Amino acid sequence: MSVAPGCSELQRTFSISHVDPYWTDDGISRSIDVYTRRFNPSVLFTGNNYSITSQGLGMRFGIPYTEVDRIFVGAALEQNRYNLQGTAPTTIELDVANFGPNPTAYLMTVGWSRDSRNSALAPTQGQLQYVNLDYATPI
């Protein structure tokens, strides 16, 4: 279980994650994430006066297929709220015009990792490599 608060004027994040590394006897792991984020670029004095608040819930599974290799698959549901108060970048304005001020998105992820380190905390040998592919679509 981990709790990760992050707070600045530009971005505020709060997330809770639970990882069960041995969800099954075969070593399949399961991660559950709950998060909320707020992005407020108006504090940068760029002339943009908008904010985006996102809240999400997701689940990922890690499937081992060798001693050091693992495949990840996961999905999440995310609700976004755009608060436009004046000017915003054209891409943000187009998103709001196309999907509304409160769009919901379905996020999918597929990944691979190879972890041959001799210790996760203080490794002296080995490597950690990973690749992820994320895709999101509005609902």
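## Residue classes and basis of the model

Ala, Val, Leu, Ile, Met, Phe, Trp, Tyr, Cys and Pro count here as nonpolar, Asp, Glu, Lys and Arg as charged, and the others, Gly among them, as polar. By these classes, the lining of the largest pocket has 17 nonpolar, 12 polar and 9 charged residues.

The structure is a predicted model, in which local features need pLDDT of at least 70 and side-chain atom pairs count only at pLDDT 80 or more, while totals for chains, interfaces and linings use all residues. Residues are numbered from 1 along each chain as its sequence is written, and side-chain values use heavy atoms, with hydrogens and water left out.

## The largest pocket

The volume of the largest pocket is about 820 Å³. A pocket is found on a 1 Å grid over the protein atoms alone, as an open set of points where a 1.4 Å probe fits, with protein on both sides within 12 Å along at least five of seven lines; lining residues have an atom within 4 Å of a point. Grid points are joined across faces, edges and corners, and the volume is the space filled by probe spheres set on the points.

The lining of the largest pocket is made up of 38 residues, and Ser-31, Arg-60, Phe-61, Gly-62 and Phe-72 lie nearest its centre. At least two lining residues come from each of strands S2 (11-20), S3 (29-39), S4 (50-64), S5 (69-84), S6 (104-115) and S7 (128-138). Strands are DSSP runs of E with at least two residues, numbered from the N terminus. S5 gives the largest share of the lining, 7 residues.

Glu-78 is in strand S5. Its relative accessible area is 10%, so Glu-78 is buried; buried means under 20%, exposed over 50% and partly exposed in between, with a 1.4 Å probe and protein chains only. The side chain of Glu-78 makes polar contacts with the side chains of Tyr-35 at 2.4 Å and Arg-37 at 3.1 Å. A polar contact is a pair of N or O atoms within 3.5 Å; within protein, one must be able to donate a hydrogen and the other to accept it, and residues adjacent in sequence count only if both atoms are side-chain atoms. Not counting residues up to four places away in sequence, Glu-78 touches Tyr-35, Arg-37, Ser-54, Gln-55, Gly-56, Pro-103, Thr-104, Ala-105 and Leu-107, where contact means heavy atoms within 4.5 Å.

Ser-54 belongs to strand S4 and is buried because its relative accessibility is 6%. Its side chain makes a polar contact of 2.5 Å with the side chain of Asn-80. Beyond neighbours within four places in sequence, Ser-54 is in contact with Tyr-35, Thr-36, Arg-37, Glu-78, Gln-79 and Asn-80. From Ser-54 to Tyr-22 there are 32 residues in sequence and 30 Å in space, C-alpha to C-alpha.

## The aromatic pair and Ser-29

The whole structure holds 1 aromatic pair. Its members are Trp-23 and Phe-61, with ring centres 5.2 Å apart and planes at 50°, so the pair is tilted. Trp-23 is in the loop between S2 and S3 and Phe-61 is in strand S4, so that the pair links distant parts of the chain, 38 residues apart. Rings of Phe, Tyr and Trp (its six-membered ring) pair if their centres lie within 6.5 Å; planes under 30 degrees apart count as stacked, over 60 as edge-to-face and the rest as tilted. Both Trp-23, at 39% relative accessible area, and Phe-61, at 23%, are partly exposed.

Ser-29 is buried, with a relative accessible area of 9%. The side chains of Ser-29 and Arg-70 are joined by a polar contact of 3.3 Å.

Gly-58 is located in strand S4 and counts as buried at 10% relative accessibility. Apart from neighbours within four places in sequence, Gly-58 is in contact with Ser-31, Ile-32, Asp-33, Ala-75 and Ala-76. Gly-58 and Val-131 lie 73 residues apart in sequence and 19 Å apart in space, C-alpha to C-alpha.

Val-19, in strand S2, counts as partly exposed at 45% relative accessibility. With neighbours within four places in sequence left aside, Val-19 is in contact with Arg-30 and Ser-31.

Definitions and conventions:
Helix = DSSP H or I, 4+ residues; strand = E, 2+ residues; numbered from the N terminus.
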